Amino acid sequence: MVKEFVEQLEKLVENATNIVIVGHFNPDGDSVGSVTGMRSYLEMKGKNPKVLLPSKYPDFLSFLDADCDYQIFTQNPELVTESIGNAELILCLDFNNLGRTEGLKELISSSSATKVLIDHHPSPEVESFDLVCSTVETSSTCELLFYVLMESASISNDVQKMPYKCAEALATGMLTDTNNFKNSAIASTYRMASLLLERGVSLDDLGKRVFGSYSESRMRLMGE
């Protein structure tokens, strides 16, 4: 099923010029990791996708948006509205229904662009999308996307062909959604981790960056 999905996705990507990648409101590591991973992959394919987020990501994930060019709806609604209006292909990652995009819901619903969903939450709103890859049998959307991209013609199950930033971003989402392998990790999660290590991603260093970079307010809350 993944192979068939990948073939259809690759055709859509090949035929689209204006591509946007959308995450959910209050984006977590899996959301920001998946949109970043997809962006890096598409850039490898020669595309220039835009990442749109309904609201700002936490500061400890800012390294994934190193150029600070992710479009945030709550900060610049006009720009995000224009990007969706110009889109030919909308890739929706890590949410099972458009309601989780808050203010973007109506903009996406009314868009004539082809809409693709990649997600690991239960009960996906399949009628809102033209192409869906959804399963609850993965630790995270980043894990699901990792195996989707591994099946692509550009990577062809050779993890060394995956862009490093893509691998690092997908590792981030996998680590955060499993709480550093403390929950939801399954056999395929550890296979993914092994392949990421082969690609040169230091899961230890990434874990320290993600789990050891809390804001003062969050540390005070955890202390309470």
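## Lysine 47

The side chain of lysine 47 comes to 3.1 Å from the backbone oxygen of valine 13, and to 3.3 Å from that of glutamate 14 (polar contacts pair N or O atoms within 3.5 Å; within protein, one must be able to donate a hydrogen and the other to accept it, and residues adjacent in sequence count only if both atoms are side-chain atoms). This is a predicted model, where local features need pLDDT of at least 70, side-chain atom pairs count only at pLDDT 80 or more, and totals for chains, interfaces and linings use all residues. Residues are numbered from 1 along each chain as its sequence is written, and side-chain values use heavy atoms, without hydrogens and water.

Lysine 47 sits in the loop between helix H2 (29-44) and strand E2 (50-53) (DSSP runs numbered from the N terminus, at least four residues of H or I for helices and at least two of E for strands). Lysine 47 is buried (under 20% relative accessible area, 1.4 Å probe, protein chains only). It has no salt bridge (a side-chain nitrogen of Lys or Arg within 4 Å of a carboxyl oxygen of Asp or Glu). Glutamate 88, the nearest side chain of opposite charge, is 7.4 Å away (Lys and Arg count as positive, Asp and Glu as negative; His and chain ends are not counted).

## Strands E5 and E6

Strand E5 (residues 114-119) runs parallel to E6, paired over 4 bridges (DSSP must find at least two). Here isoleucine 118 stands opposite cysteine 133. On E6, Leu131 and Cys133 form the covered face.

## Nonpolar core

Isoleucine 118 is also among the residues with the most contacts inside the largest nonpolar core, which has 52 residues (buried Ala, Val, Leu, Ile, Met, Phe, Trp, Tyr and Cys joined through side-chain atoms within 4.5 Å).

Definitions and conventions
Buried < 20%, exposed > 50% of the residue type's maximum accessible area, 1.4 Å probe, protein only.
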